[in-house]
Amino acid sequence: MTAAVETAAGGITPATELGGGMVIVVVGPSGAGKDSVMAHAARHFAGDDRFVFARRVITRPADAGGEAHIGVDEATFARMKGEGAFCVAWEAHGLCYGVPAKVQAEVEQGRVVLVNGSRQALPAFVAAFSRLTVVTITAHAEVRAERLARRGRESGDAIAGRLERQPRMPELPVDGVTIDNSGPLEVAGTAFVDLLARAVAR
Ligand SMILES: Nc1ncnc2c1ncn2[C@@H]1O[C@H](COP(=O)(O)OP(=O)(O)OP(=O)(O)O)[C@@H](O)[C@H]1O
Ligand SMILES: O=P(O)(O)OC[C@H]1O[C@H](OP(=O)(O)O)[C@H](O)[C@@H]1O
């Protein structure tokens, strides 16, 4: 089986052609496997300092399961936001999410920074980062439903809300790639790793 990799707006432009670093923002519906595909790539590129896997700040307990994030309460998130701690912040699923401001500096240092993002927040990513590629991870609806139930991080109602959520994907003037993760993680993970290798190709 091969992962479907469709390119729009020209696929991915190597960061080196763009004169330095870039952000690759990973989006897609809940349960598609964004965290899993990113974790696969993080294992593949462990110790390779051309890449940074950003850790998000989320108003979710740090031990909730799923991605490794910085868990804070709402008051702390609001204070951090007011202090300029985030370069991009958004709300979804009753939670607040922030991308640490230091990502801007990491891109300026020439690194390729991977961020688990949000379809709804993509305009804010475009505003924050001049060098941006959007990677959309997809999976069939029934596959996502089964995965979210098995993951067990959310309850039935919350899972239903996640499965229904379909924010409009805005038309954006940036590179974009879609990877179908309906099959084995190894397949989509390898497609993502190949994409990242192209991002740093000389
Ligand atoms: N290709 C795959 N095959 C089987 N299980 C998978 C695959 N990809 C991900 N999973 C599992 O599906 C569940 C959801 O994956 P993951 O948390 O990576 O999705 P996500 O897109 O980040 O979801 P959310 O937006 O809700 O955080 C996890 O339990 C994960 O282990
Ligand atoms: O529906 P959209 O706007 O794409 O994404 C909404 C949010 O949901 C997911 O977070 P998580 O599953 O709570 O970690 C995404 O990563 C994003 O932050």
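Trainee: Leaving aside its neighbours within four places in sequence, which residues is glycine 33 in contact with?

Mentor: Glycine 33 is in contact with Ile137, Ala139, Asn181, Leu185 and Ala188. Two residues are in contact if their C-beta atoms, placed from the backbone, lie within 7 Å. Please note that this is a predicted model, in which local features need pLDDT of at least 70, side-chain atom pairs count only at pLDDT 80 or more, and totals for chains, interfaces and linings use all residues. Residues are numbered from 1 along each chain as its sequence is written, while chains are lettered from A and ligands numbered from 1 in the order in which they are written.

Trainee: And where does glycine 33 lie?

Mentor: Glycine 33 is in the loop between strand S2 (22-27) and helix H1 (34-44). Helices (H or I, at least four residues) and strands (E, at least two) are DSSP runs, numbered from the N terminus.

Trainee: Why does glycine 33 count as buried?

Mentor: Glycine 33 counts as buried because it has 27 C-beta neighbours inside 10 Å. The term buried requires 20 or more other C-beta atoms within 10 Å of the residue's own; exposed means 12 or fewer, and partly exposed lies in between, with C-beta atoms placed from the backbone.

Trainee: What about lysine 34, buried or exposed?

Mentor: Lysine 34 counts as buried, with 21 C-beta neighbours inside 10 Å. Lysine 34 belongs to helix H1, and its contacts, neighbours within four places in sequence aside, are Val26, Gly28, Asn116 and Ile137.

Trainee: At which residues does UniProt place the "binding site"?

Mentor: The unreviewed UniProt entry places that feature at Gly28, Pro29, Ser30, Gly31, Ala32, Gly33, Lys34 and Asp35. UniProt positions are given in the numbering used here, feature names are shortened, and annotations may be inferred rather than shown by experiment.

Trainee: Turning to the ligands, how many residues surround ligand 1?

Mentor: There are 16, and the closest are Ser30, Gly33, Asp35, Ser36 and Arg147. H1 and helix H5 (141-151) are the elements that give two or more residues to this shell. A residue is near a molecule or strand if its C-beta atom, placed from the backbone, lies within 6 Å of it.

Trainee: How does the shell around ligand 1 divide by class?

Mentor: The shell around ligand 1 has 3 nonpolar, 7 polar and 6 charged residues, whereas that around ligand 2 has 5 nonpolar, 5 polar and 2 charged. Ala, Val, Leu, Ile, Met, Phe, Trp, Tyr, Cys and Pro count as nonpolar, Asp, Glu, Lys and Arg as charged, and the others, Gly among them, as polar. The residues around ligand 2 include Val27, Ser30, His93, Tyr97, Arg119 and Arg165.

Trainee: Next, which residues have the most contacts inside the largest nonpolar core?

Mentor: They are Val23, Ile24, Val25, Val26, Val115, Phe125 and Ile179, in a core of 39 residues. The largest share of this core, 6 residues, comes from S2. A nonpolar core is a set of buried Ala, Val, Leu, Ile, Met, Phe, Trp, Tyr and Cys residues joined through C-beta atoms within 7 Å.

Trainee: Where does phenylalanine 125 lie?

Mentor: Phenylalanine 125 lies in helix H4 (residues 122-128) and counts as buried, with 22 C-beta neighbours inside 10 Å. Beyond four places in sequence, phenylalanine 125 is in contact with Val25, Val88, Gly117 and Leu132.

Trainee: Finally, how many helices and strands does the protein chain have?

Mentor: The secondary structure comes to 7 helices and 10 strands. Of the 202 residues of the protein chain, 36% count as buried.
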